[in-house]
Amino acid sequence: MTDISETAPVTAPDSRPAATAPRLDPSSIWAFRGTLSRRAQIGIGVGTSVGLLLIWEAVARIGLVNTTFLPSPSTVLSSMLMMVQKQNLLQHAGISTLRVWVAFSLAAVMAIPIGILMSSYRVVGAALEPIIDFIRYLPVPALVPLSIIWFGVGESTKLYLLWLGTFFQLVLLVADDMRRVPHEYIEIAHTLGANTRQTLRDVAFRAMLPGLVDNLRITLGWCWTYLIIAEIVAADSGIGFVIWTARRYMKTPEVMAGVVVIGVIGLVTDQLLRAIHRRAFRYL
Amino acid sequence: MIEPYLAFHGVTKRFGDLDVVAQPFSITVERNEFVVFLGPSGCGKTTLMRMIGGLETPSSGAICLEGLPVGGPDHRRGMVFQSYSSFPWLTVAENVLFGMRYRKDLTEQQKLARRDNYLELVGLYEFSDAYPNKVSGGMRQRVAIARTLAAGSDVMLMDEPFGALDAQRRERLQVELRAIQRRDAKTIVFVTHDVEEAVFLADRVIVFSKRPARVMADIDITDRLGAERPLELRDSPEFFQLRNGVLRLLREAAGDEE
């Protein structure tokens, strides 16, 4: 590299400061619809979060707010460590995660084939769309009493509520993914001699896969929302139970510690699935 | 009497109450002939071509290949579309190989040999491992052509395959396609609304009116320009004259619009 710049002595001294100048110029990060390096994006994200935490900590220490209602981040962190040691916080988090994954897998395993069929065969779509649309708009909390009547207060109620919240959303998203597969792909497969089953398996499913994985990631997030509702209503374990118990004794730091754990699990899961998406669909 | 290779026998098509082809359409296409369907956008020429592929069925009449009515789609009648012509999740080589995926009569080895042969033919061998989004639009169309050839199509159906390419790429691909057709001896039915493209590529141009499609002219190009089509042909007065003649016809075909 140095050889090249030295063979052009006239431009080299000028171009060097010019190349570094945009990086130092603070206005360049404000370029309208501009781009930012990945490193800069992570740096800014971490910086903002840390800054917010520091302000929060300061506000709590100075005494601007009643710490019974808004404990400082350091207090929340120390109660979280205490909860890990004395209240089996990690086990509770593990149970919650397990519930989410069981219910979510169940919903996905049912929603994917049904959604695909709805878009592949108009008759299936016509038959199911009204029912699914109706149930989709029912808020899950409204169905809590009914699910307790049906399933009692055991594990099955929680799984049922989670399934309820995700299955009906997911099935329509899957149907949409399949509908968006360009018709050209289907026709290419047919003119290459593929039958319907082969076309579905080798072409249509492959074509919809990136969208499908994205939608699974998004619905998994919703699943967590319903988990807390389910665990607050009827549970003796899980993060929702921990939060609700702490609330009863006005232990705000523990409530917030529980909330933070959910946030962290969500963030990690989401980033993990995004990474998988990037790896699996390099061709995009 | 010798059976024509590919024949439309009084074909009409209606979609609901929309007449796409009202006047019965009858033509015959010889083996290894390059026929271009030329007409205004939306005139029904694409529908007629899709019927050869078995992607549409005639409302009346029949289409016969070697004397037998065509049924549903199969690998003998391959299709090259303008967009979404190759699968983005497969590499260039995998796309070409996919063309033979459902052929039971070829061994794995034969398939690989054919794949390499056709990649070579369309000049994509060195891009074998690239994904379609990493190559140009022109290369993506070559992938589709190679896939169709590898599949063993006797009739290649092309729906404005170069419509989305810039002028230089389009010209180059036209020259190559014509050369491939001459070398590989393929029957091609090619749909376009570009007059120059039609005249440059075709042995025979069928000019359609606006919808409902009706044949305005059936012009033998090879008779006037010969079978070889080097790029320089585009600059010759014969080509220019023929192009203008066809253009005039097409203007009439488009009728009193605008």
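Helix α4(B) is mostly covered, with 13 of its 15 residues buried. Buried means 20 or more other C-beta atoms within 10 Å of a residue's own, with C-beta atoms placed from the backbone; 12 or fewer is exposed, and in between is partly exposed. Helices are DSSP runs of H or I, at least four residues long, and strands are runs of E, at least two, numbered from the N terminus. This is a predicted model, in which local features need pLDDT of at least 70 and side-chain atom pairs 80 or more, while totals for chains, interfaces and linings use all residues. Residues are numbered from 1 along each chain as its sequence is written, and chains are lettered from A and ligands numbered from 1 in the order written.

Just after α4(B), Gly152(B) has a positive phi of about 90°.

Now the chain contact. 22 residues of chain B touch 13 residues of chain A. Strand β6 of chain B, residues 77-80, gives the largest share of chain B's side, three residues. Contact means C-beta atoms, placed from the backbone, within 7 Å.

In chain A, helices α6 (residues 122-136) and α8 (residues 155-179) have axes that come within 9 Å and cross at roughly 140°. Axes are lines fitted to C-alpha atoms, for helices over the stretch in contact, and angles run from 0 to 180 degrees between N-to-C directions. α6(A) and α8(A) are therefore oblique: angles under 35 degrees count as roughly parallel, over 145 as roughly antiparallel, 65 to 115 as roughly perpendicular, and the rest as oblique. Among the residues that meet are Ile132(A) in α6(A) and Leu172(A) in α8(A).

Note on methods. Two residues are in contact if their C-beta atoms, placed from the backbone, lie within 7 Å.
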